[in-house]
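Open your viewer and get ready to select residues one after another. We will take the tour in short stops.

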Amino acid sequence: MTEIKLSPKGKLLTEFFEGRRTKAYQDTAGIWTIGIGHTKRVKSGMVISDTKVDELFQEDIKDALQRVKDYLTVEATQPELDVLINQAFNLRSYKKLATYFNQDKSLWRKKMLLYANDVQGHPLKGLKIRRISERLLSESRDWLEFAKWGQLKSTSVQMILNKEKELFV
């Protein structure tokens, strides 16, 4: 089986969506966060160095890598691994997505796009952009241009949904 590691492109994807911050902040769920999506033992007012951001990310990514190793049973390309690692880093429901991947990669690509809705089933702009970007990366396509466009204030959720149809139909 292929060595499971995060490539520079995979790190760029994770850092693009998680952000890189040296000062603690509360994320959209109200969880104190610092660095690149680090949430363990973070408190209000906490400040860390840029070097510490990288150290914490390496610690956190080890957990995501292990989760991928634990659930992956089929071969994966590096772009697919980058996305699986990103999903393991970002999603509690990673195990279900890994199951889809092991069963059928095309099913996994379709299902990942569903992990971008609120509890009422409405698409959340930031998550929709992230999931579409993950799918683009998994297909070895350019995701960064789409992600930057999607994050513009002038880009609506409907515009993103239209672009999704254009990209994947």
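Two residues are in contact here when heavy atoms of theirs lie within 4.5 Å. Keep in mind that the model is predicted.

**Stop 1**

On the H4 side, show Leu97, Tyr100, Phe101 and Gln103; they meet Lys105, Leu107, Trp108, Lys111 and Met112 of H5. Colour these residues by type and you will find six nonpolar, one polar and two charged.

**Stop 1: the core**

As background, nonpolar side chains tend to be buried together in soluble globular proteins.

Now zoom in on Ile85. Leaving aside neighbours within four places in sequence, Ile85 touches Ile4, Lys5, Leu6, Ile61, Ala64, Leu65 and Val68.

**Stop 2: aromatic rings**

How many aromatic pairs does the structure hold? There are seven. Start with Phe16 and Trp143: their ring centres are 5.6 Å apart and their planes stand at 80 degrees, so this pair is edge-to-face. Phe16 belongs to helix H1 (residues 8–18), while Trp143 is in the loop between helix H6 (125–138) and helix H7 (144–150), so the pair ties together parts that are 127 residues apart in sequence.

Next, select Phe57 and Phe89. Their ring centres are 5.8 Å apart with the planes at 55 degrees, so the pair is tilted. Phe57 is in helix H2 (residues 50–71) and Phe89 in helix H3 (residues 78–90), so parts 32 residues apart in sequence are tied together. Both Phe57 and Phe89 are buried.

**Stop 3: arginines**

Show Arg21 with Tyr25: the charged end of Arg21 sits over the Tyr25 ring, 3.8 Å from its centre. Then show Arg135, which lies over the face of Phe168 at 4.0 Å from the ring centre.

Move on to Arg131, in helix H6. With 0% relative accessibility, Arg131 counts as buried. Leaving aside neighbours within four places in sequence, its contacts are Asn90, Leu91, Met112, Leu113, Tyr115 and Ala116.

**Stop 4: two backbone angles**

Most residues other than glycine have a negative phi. Select Arg41, in the loop between strand E2 (32–35) and H2. Its phi is near 55 degrees, a positive value, and at 66% relative accessibility Arg41 counts as exposed. Finish with Ser140, in the loop between H6 and H7. Ser140 has a positive phi of about 60 degrees although it is not a glycine. Ser140 is exposed, with a relative accessible area of 57%.

Conventions:
Residues are numbered from 1 along each chain as its sequence is written. This is a predicted model: local features need pLDDT of at least 70, side-chain atom pairs count only at pLDDT 80 or more; totals for chains, interfaces and linings use all residues. Side-chain values use heavy atoms; hydrogens and water are left out. Rings of Phe, Tyr and Trp (its six-membered ring) pair if their centres lie within 6.5 Å; planes under 30 degrees apart count as stacked, over 60 as edge-to-face and the rest as tilted. Helices (H or I, at least four residues) and strands (E, at least two) are DSSP runs, numbered from the N terminus. Buried means under 20% relative accessible area, exposed over 50%, partly exposed in between (1.4 Å probe, protein chains only). A charge sits over a ring if NZ of Lys or CZ of Arg is within 6 Å of the ring centre and within 35 degrees of the ring normal. Ala, Val, Leu, Ile, Met, Phe, Trp, Tyr, Cys and Pro count as nonpolar, Asp, Glu, Lys and Arg as charged, and the others, Gly among them, as polar.
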